[in-house]
Amino acid sequence: MTKLKITLALGSYDRHAPLLEGCIQHPNIDIEYIECDPQQGRHERFLQHWEFDAAELSFSSYCIAVDQGMPVHAVPIFPRRLFSQ
């Protein structure tokens, strides 16, 4: 059986290190992790140009995309359960 291939844009944060370093694998999905911070236009590249299959988004960007009728779906994954500020 062929693995499903997807691209996932993530910020280069310590909590994403196991993903970006390839320590975490899925048996049925081949995930290409792309380091891309918001300053590099990750949200725009995902929501306006659809460069990635999936991307880490802020909640506000997701809410605006849904309000504008964009075909996006959220998966509530919280790799770090701390308040960042």
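This is a predicted model: local features need pLDDT of at least 70, side-chain atom pairs count only at pLDDT 80 or more; totals for chains, interfaces and linings use all residues.
Gly41 sits in the loop between strand E2 (29-35) and helix H2 (42-47). I then looked up its separation from Ser60, and found the two 19 residues apart in sequence and 15 Å apart in space, C-alpha to C-alpha.

Next I turned to Ser61, which belongs to helix H3 (residues 59-67). Ser61 counts as buried because its relative accessibility is 16%, under the 20% cut-off. Its side chain makes a polar contact of 3.0 Å with that of Ser58, and, leaving aside neighbours within four places in sequence, Ser61 is in contact with His43 and Leu47.

Finally I went through the salt bridges, of which I have three. Lys5 and Asp30 meet at 3.8 Å, N to O; Lys5 lies in strand E1 (residues 4-10) and Asp30 in strand E2, so this pair ties together parts 25 residues apart in sequence. I noted Lys5 as exposed at 60% relative accessible area. Glu56 and Arg42 form another salt bridge, with their closest N and O atoms 3.4 Å apart, and both residues are buried. For Glu51 and Arg45 the closest N and O atoms are 2.8 Å apart, with Glu51 partly exposed at 42% and Arg45 partly exposed at 25%.

Conventions
Residues are numbered from 1 along each chain as its sequence is written. Side-chain values use heavy atoms; hydrogens and water are left out. Helices (H or I, at least four residues) and strands (E, at least two) are DSSP runs, numbered from the N terminus. Buried means under 20% relative accessible area, exposed over 50%, partly exposed in between (1.4 Å probe, protein chains only). A polar contact is a pair of N or O atoms within 3.5 Å; within protein, one must be able to donate a hydrogen and the other to accept it, and residues adjacent in sequence count only if both atoms are side-chain atoms. Contact means heavy atoms within 4.5 Å. A salt bridge is a side-chain nitrogen of Lys or Arg within 4 Å of a carboxyl oxygen of Asp or Glu.
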